[in-house]
Amino acid sequence: MILRQTKAILVDAYRELNAKKLFWLTLGLNLFAVIIYASIGINERGFTVLFWTLEGLFNTSMMSKSAFYKFEFITWGVPMWLSWGTTALALISTAGIIPDMVSGGTIEPILSKPIGRVRLFLTKYLTGLGFVGVQVFVFSLGCFFVLGIRGGSWEFGLFLAVPIVLAFFSYLFAFCVFIGMMTRSTITALLLTIVFFLLIFVINIGEAVTISARESAAVQIEDAQEQVEAQERFANKRLEQFQEQGKAIPGRDGEPLPSNAIDSLEALNPTLSFAKKSLVKSQGKHDSWDVWATWISRTKFVLPKTGETISLLERNLMNNDELDGFIDMMENLGGEESNKQDPRVNERINAIYDGRTITWILGTSFAFEAFFLGLSTLVFVRRDF
Amino acid sequence: MEAVIDVTGVEKMYRRKVHALRGVDLQVGAGEIFGLLGPNGAGKSTLVKVLLTVIRPTKCTGTVLGSKIGDKSALSQVGYLPEHHNFPKYLTSQQVLRHYGAMSGVDRKTRNKRCDELLEIVNMSEWSKHKLGTYSKGMRQRIGIAQALMNDPKLVVLDEPTDGVDPIGRRDIREILLRLKDEGRTVFLNSHLLSELEMVCDRVAIMVHGLMRQQGTIEELTDGQSGFVIQTKSAMANDVIAAARDAIAGIEGRVEEEQTKLRFDTSEAGRIQPAIDALRARGVVIESIGFHRQSLEDLFIEAVNENGGGAKPGAQRAKKGANS
């Protein structure tokens with residue numbers, strides 16, 4: 001009976017989406033995205049769009065065709081299309097699943113059937129995820145063939161996009177379902193989920209900015225400390241010379257300093273004073289950014305890690321050599337602009353992001369999802385309809 | 001008679017403020033058509049929803065089809081048509097029946113067979129491939145009834161089944177109900193269309209303000225209020241009335257309509273003959289003599305009026321210290 005009921009719910013969900021023309025529309029848009037993916041490529045002369053070649057430095061001597069399609073998938077396919085395009089379409093399509101189910105006149109006949117509320121609710125939730133799973137699978141399958149046929153590499157790792165994007169979507173969907181359950185309104189659920197999605201996006205950017213500023217300040221501290229130490233060494237050398245020669249140390253105004261003066265070194269080397277000021281300034285800057293970065297990180301801890309979840313695909317699909325090659329290529333293409341960032345700052349930032357384990361990323365995100373899903377289920381189980 | 005529904009002390013309080021059910025006792029026997037009546041807001045739909053686990057009761061003991069209230073497994077033998085149902089408009093009637101049949105655990109083969117049979121019974125075979133969005137209210141109601149029967153239920157609960165249905169449709173529904181009874185199913189009808197209930201129900205209960213006021217067969221409930229009415233051409237003098245009353249010992253003769261009607265609460269024609277003789281002996285012109293049975297409507301209005309009228313919603317706000 002369980003299978004029969006589950007199948008009935010799945011078929012009904014498909015019919016509902018089909019009635020709204022959303023299932024095939026979304027599928028069509030995903031296939032269109034695959035066509036775009038396939039229409040862009042590189043050859044030995046340059047960059048290609050459909051039948052045209054834009055001759056330039058960017059050609060197969062710089063990067064193999066398969067690497068290009070992989071990069072295209074990772075830099076455009078997943079973060080742009082699947083994370084934004086497909087997610088937006090999926091939210092529009094699935095936001096009504098719970099509000100429609102709990103609406104008056106619809107829920108009563110369902111609840112009067114021999115199916116537990118928890119199973120009913122979770123099955124409905126899974127139908128939403130199933131819809132997205134199908135869409136992502138179709139896109140990944142299309143990209144898999146493009147990469148195989150045009151790039152000459154049959155990369156099964158591409159299908160990792162399905163569970164990863166599904167996990168990413170499930171965080172938002174759990175929130176959407178919760179709002180839908182509480183308000184019984186599709187529009188409210190959709191709008192608040194989009195606001196929440198944007199909030200996470202802003203927090204991610206905020207975190208990136210504050211971490212970058214903090215690490216930049218940390219590097220400045222290191223530099224300033226080195227500068228202070230170098231100037232102190234220089235000042236000590238001069239002090240020794242003065243002492244050997246038995247000369248009084250001249251103060252800033254030219255008068256000899258008293259024997260117990262504390263800024264004798266600075267008097268001997270005025271640059272030391274500037275270096276110390278620079279160090280204090282950098283420390284202040286670091287402390288200030290650290291407060292912001294800490295608060296944002298704490299806030300982010302309880303929120304789903306959307307950006308990091310998507311990045312897991314990058315980690316798994318590309319090896320280090322490919323990643324380094326890709327970064328070099330981007331730097332070459334970026335010219336002077338990209339050289340402005342201190343590589344030490346980049347290293348520190350990368351170390352922070354790389355230090356976030358898969359367990360931490362998925363664990364905290366799934367905890368968020370479990371919390372909202374659990375809360376929604378509890379409300380559904382206890383509510384009188 | 002085996003009880004299909006047997007509950008006592010059903011209470012439902014919403015948000016600790018609104019007392020929708022105030023200790024309802026209800027017994028429905030197997031194979032009967034049971035009608036629950038009451039004014040709007042009396043708590044009829046709430047009671048039905050409690051029985052079908054759509055609403056969790058505040059307090060309740062009892063069983064439905066031998067299973068404790070809240071036991072989902074019993075629901076595979078129950079068919080339910082909610083009052084303001086809203087079946088998916090994007091489905092055809094065939095798809096609706098098959099979907100709800102599957103949700104009740106009916107296997108595919110049986111679903112297909114039952115679907116065709118039921119569409120035939122509710123006269124909707126021609127429309128089986130049309131979407132519900134194109135149906136009239138009456139047609140949707142027929143599909144709702146068919147949906148409630150998909151799992152071949154032992155107990156059928158219909159909440160306002162004739163709502164929005166034209167007279168021909170009502171007659172069809174009555175026939176379906178009687179057919180269900182003939183098949184040995186128990187039908188629980190929730191309605192405020194008294195004439196409909198009167199025609200098909202074996203037993204009825206009247207619910208007012210979340211309490212069951214009366215319960216029994218229509219005869220049981222109305223017999224005590226039935227009797228012979230003697231209609232005279234002109235108003236009777238007091239001594240004439242007294243003479244007629246005295247002629248029948250033990251039955252009170254009630255005077256109605258400005259002393260032109262005399263009602264005796266008895267169903268035995270022989271017992272009122274002395275009163276007729278007494279009236280005739282005093283030259284009273286009798287226009288008609290007839291047996292008057294109290295209708296369900298009279299009973300209903302009486303029950304509602306006894307409890308403060310029907311316009312007031314039955315769901316009462318609980319007062320501090322109020323008896324629940």
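The model is predicted: local features need pLDDT of at least 70, side-chain atom pairs count only at pLDDT 80 or more, and totals for chains, interfaces and linings use all residues. Residues are numbered from 1 along each chain as its sequence is written, while chains are lettered from A and ligands numbered from 1 in the order in which they are written.

I begin with the two chains. In chain B, 25 residues are in contact with 24 residues of chain A; contact means that the C-beta atoms of two residues, placed from the backbone, lie within 7 Å. On the side of chain B that touches chain A, strand E6 (78-81) and helix H2 (93-103) of chain B each supply at least two residues. H2(B) gives the most, with four residues. Helices (H or I, at least four residues) and strands (E, at least two) are DSSP runs, numbered from the N terminus. By class, this side of chain B has 13 nonpolar, 10 polar and two charged residues. Ala, Val, Leu, Ile, Met, Phe, Trp, Tyr, Cys and Pro count as nonpolar, Asp, Glu, Lys and Arg as charged, and the others, Gly among them, as polar.

I turn to chain A. Helix H3 (residues 65-94) and helix H11 (residues 306-317) of chain A pack at about 165°, with their axes 10 Å apart. Axes are lines fitted to C-alpha atoms, for helices over the stretch in contact, and angles run from 0 to 180 degrees between N-to-C directions. H3(A) and H11(A) are therefore roughly antiparallel, a term for angles over 145 degrees. Their contact includes A:Ile74 and A:Val78 of H3(A) and A:Leu313 of H11(A). Its residues divide into six nonpolar, one polar and two charged.

In the second pair, helix H7 (residues 161-183) and helix H15 (residues 358-382) of chain A pack at about 25°, with their axes 9 Å apart. H7(A) and H15(A) are therefore roughly parallel, which applies to angles under 35 degrees. Among the contact residues are A:Phe175 of H7(A) and A:Phe372 of H15(A). The contact comprises 15 nonpolar, three polar and one charged residue.

Finally, which residues are buried in helix H10 (residues 296-306) of chain B? They are B:Leu296, B:Leu299, B:Phe300 and B:Val304; buried means 20 or more other C-beta atoms within 10 Å of a residue's own, and exposed 12 or fewer, with C-beta atoms placed from the backbone. Seen down the axis of H10(B), the buried residues fall within an arc of 130°, so they line one face of the helix. The arc is that of the directions from the helix axis to the C-beta atoms. On the other side of H10(B), B:Asn305 and B:Glu306 are exposed.

Conventions
Angles under 35 degrees count as roughly parallel, over 145 as roughly antiparallel, 65 to 115 as roughly perpendicular and the rest as oblique.
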